[in-house]
Amino acid sequence: MSLYVEQSGNLDAPTCLLFLHGGGVSSWMWDKQVTHFKHYHCITIDLPEHGKSQSGIKFTIDGAAKSILQTIDHLVHNKSMVVIGFSLGAQVLIQMLHLQPNLINFAIINSALVKPVSNAEKLLNPMIRFSYPFIQKRWFAKIQAKTLYINDQYFEKYYEESRNITQNTLIRVLSENMSFSIPHGFSNVSTKILVTYGEKEKKLIKESAKLLVASNLNCQGIMIPKIGHGAPIAIPEYFNSMIENWLTKNQLPYQSETLIKL
């Protein structure tokens, strides 16, 4: 599968950070992270049917995970591997951990849904067919962008990509997103994992974070205060500091609330 990949930072660094974006956006959402972590080897990848990954291959979480693992095998050798995923990208990351439980050294799973939405298949088609015409409208994109903390700097990119997504792609991506659950055997993953979500996120995301933390002994979980769905974009300084301190010092922000294992 052909995916659009960008490498930046110090390509000779001993640690590689790979960033996986959320649904409906692309790798530009990580601009503030890539700039901050320029002393690391950074990789961003556009998921299938997103951004510049428009090769005609249909998006699935499993297919994306397998392709990204192939990309890691091709580009990263003898390095500590860190993967950071947001929302849909976090679901892909979970699947990558399932497929290669010993490959990734550190994983940051941000705002992942792992509790399937009941009746999603029945609701999706009529819901998207009704709402799809609005996606082409600037005023509707402005509302959506606000919920994701996308500011004026990135709005035009977001609006362009929103207008380019087809109705069938949207149904397919949302179906994958809303039906995803923790893979069997996730407890065997040896990666050190940090699970995060925002205090203002929806109930299913909060419950998903708790399920993930309870599903693997190597998982830590925190709630990021005063934020909804979009911490990497909304509060990049906080998010970047959280990642760096966790990776280098095993420290978590004192303002955050730690999730207790069930």
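**The parallel strands and their surroundings**

Author: Strand β2, helix α1 and strand β3 form a right-handed β-α-β unit. Right-handed here means that, with the strands pointing away from the viewer, the path from the first strand over the helix to the second runs clockwise. Helices and strands are DSSP runs numbered from the N terminus, a helix being H or I over at least four residues and a strand being E over at least two.

The model is predicted, so local features need pLDDT of at least 70 and side-chain atom pairs count only at pLDDT 80 or more, while totals for chains, interfaces and linings use all residues. Residues are numbered from 1 along each chain as its sequence is written, and side-chain values use heavy atoms, with hydrogens and water left out.

Start with β2, residues 15-20. Six of its six residues are buried, where buried means under 20% relative accessible area, exposed means over 50%, and partly exposed lies in between (1.4 Å probe, protein chains only). In a regular strand the side chains alternate between the two faces of the sheet. In β2, T15, L17 and F19 point one way, while C16, L18 and L20 point the other way.

Two strands pair if DSSP finds at least two bridges between them. With β3 (residues 41-46), β2 pairs in the parallel sense over five bridges, and there L18 stands opposite I43. With β4, β2 also pairs in the parallel sense, over six bridges. In that pairing L18 stands opposite V83, and the bridge partner of F19 is I84.

How many of the residues of strand β4 are buried? Six of its seven residues (80-86) are, so β4 is largely enclosed by the rest of the structure. Five bridges join β4 to strand β5 (residues 106-110), and these two strands run parallel. Together with helix α3 (residues 88-99), β4 and β5 make another right-handed β-α-β unit.

Between β4 and α3 is a loop that holds S87. Its phi is positive, about 55°, although S87 is not a glycine. S87 is buried, with a relative accessible area of 13%.

Helix α3 also matters for counting the core. A nonpolar core is a set of buried Ala, Val, Leu, Ile, Met, Phe, Trp, Tyr and Cys residues joined through side-chain atoms within 4.5 Å. The largest one has 43 residues, and I68, V92, M96 and I109 touch the most other members. Its largest share, seven residues, comes from α3. Contact means heavy atoms within 4.5 Å. Leaving aside neighbours within four places in sequence, M96 is in contact with L20, A65, I68, L69, I72, V83 and I104. Another core, of 35 residues, lies apart from this one and includes A145, F155, I224 and Y238.

Next comes T191, in the loop between α7 (167-179) and β6 (192-198). Is T191 buried or exposed? T191 is buried, at a relative accessible area of 1%. Apart from neighbours within four places in sequence, its contacts are L97, P101, I104, N105, F106, A107 and N218. A polar atom of its side chain lies 2.6 Å from the backbone oxygen of I104. A polar contact is a pair of N or O atoms within 3.5 Å; within protein, one must be able to donate a hydrogen and the other to accept it, and residues adjacent in sequence count only if both atoms are side-chain atoms.

W28 is buried at a relative accessible area of 8%. Leaving aside neighbours within four places in sequence, W28 touches I150, Y154, K157, Y158 and E161. W28 and K157 are 129 residues apart in sequence and 8.4 Å apart in space, C-alpha to C-alpha.

Last, the cysteine in β2. C16 is buried, at 0% relative accessibility. A disulfide is a covalent bond between the sulfur atoms of two cysteines, counted here when the two sulfur atoms are within 2.5 Å. The closest cysteine sulfur to that of C16 is in C42, 7.4 Å away, which is too far for a bond. Over the whole structure, the search finds zero disulfides.
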